Amino acid sequence: ALDLGLPKEIFVHGFFTVNGEKISKSLYGEQGRTIGNAIDPLALVKRYGSDATRFLLLSQFPFGSSGDVNVRRFDEQYDAILANTIGNLVSRTIALMQKFSDGKVPAAPADNSVFANQPLHAGAGEAISSSVASILDSLVRAPVEIATLLNQYADRTAPWKEADPAKSATALRTLVDGIVHLSLLAEPVLPHASAAIQRAFGVSNRQPPTPGTPVRPTEPAVLFPRASQDVKVTSV
């Protein structure tokens, strides 16, 4: 009707079931009561925010495949992955920077061995020749893997009790560089949180911050408030 050409290629997600049931707006209970089980994206955004809603839906099963969306586990997944793994990493690193590095990126080399076995550290470019499904799955998975590695690294190096200033500075610089890289990879799936991280760490033109760059708290200060506390996330 608009005299526009037909698309030459489209990308379609798989078939969703919800909590093991086919999606239906007229699903009946034992007494004939309508209890439709369609996923309400507006309700999810109101509770978790648009970033987390996008992440939760994309992370349920590989893009393009069919699978089940267990909405009952969204709070658990949100807390475990976004709040405790990514959000906590960012907030604890900023706190460490303010306490042990005068709130600035230290002039120290990063410990790149942390990512020795992490092929996505170089960026998502490796997946360009792969399928769209593979790229999407990588963009969902990679930030979580990097955050997990960085949390383990922070626990292992414990810069808050390291007596050698050089080692402490290297640990902090490694955390900063890793978080910046995480934020760049996460942009397509977590755009608001990624932008908040980059502003806090002084990222300019997608380049890591130089030594001496001030590090500030993110806005909002808590990127992913824990869902278990029944806090509705509306800021990101």
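Reader: Hi! Leaving aside neighbours within four places in sequence, which residues is Leu96 in contact with?
Author: Hello! In this predicted model, Leu96 is in contact with Ser101, Pro159, Trp160, Leu172 and Leu175.

Reader: Nice. How far apart are Leu96 and Leu172, in sequence and in space?
Author: They are 76 residues apart in sequence, and their C-alpha atoms are 7.7 Å apart in space.

Reader: And is Leu96 buried or exposed?
Author: Leu96 counts as buried, because its relative accessibility is 10% and the cut-off for buried is under 20%. As for where it sits, Leu96 belongs to helix α3, residues 74-100.

Reader: Changing topic: how many salt bridges does the structure hold?
Author: Seven. One of them joins the side chains of Glu145 and Arg141, at 3.0 Å from N to O.

Reader: Where do Glu145 and Arg141 lie?
Author: Both are in helix α4 (residues 132-157), four residues apart, which is about one turn of the helix. Glu145 is partly exposed at 29%, and Arg141 is partly exposed at 39%.

Reader: What does Arg173 form a salt bridge with?
Author: With Asp177, the closest N and O atoms being 3.0 Å apart. About one helical turn separates Arg173 and Asp177, because they are four residues apart in helix α5 (residues 165-186). Arg173 counts as buried at 12%, whereas Asp177 is partly exposed at 21%.

Reader: And which residue does Arg206 form a salt bridge with?
Author: Glu187, with the closest N and O atoms 2.4 Å apart. Arg206 lies in the segment after α6 (191-200) and Glu187 in the loop between α5 and α6, so this pair ties together parts 19 residues apart in sequence.

Terms used
Residues numbered from 1 in each chain as written. Predicted model: local features only at pLDDT ≥ 70, side-chain atom pairs only at ≥ 80, totals over all residues. Heavy atoms only, no water. Helix = DSSP H or I, 4+ residues; strand = E, 2+ residues; numbered from the N terminus. Buried < 20%, exposed > 50% of the residue type's maximum accessible area, 1.4 Å probe, protein only. Contact = heavy atoms within 4.5 Å. Salt bridge = Lys/Arg side-chain N within 4 Å of Asp/Glu carboxyl O.
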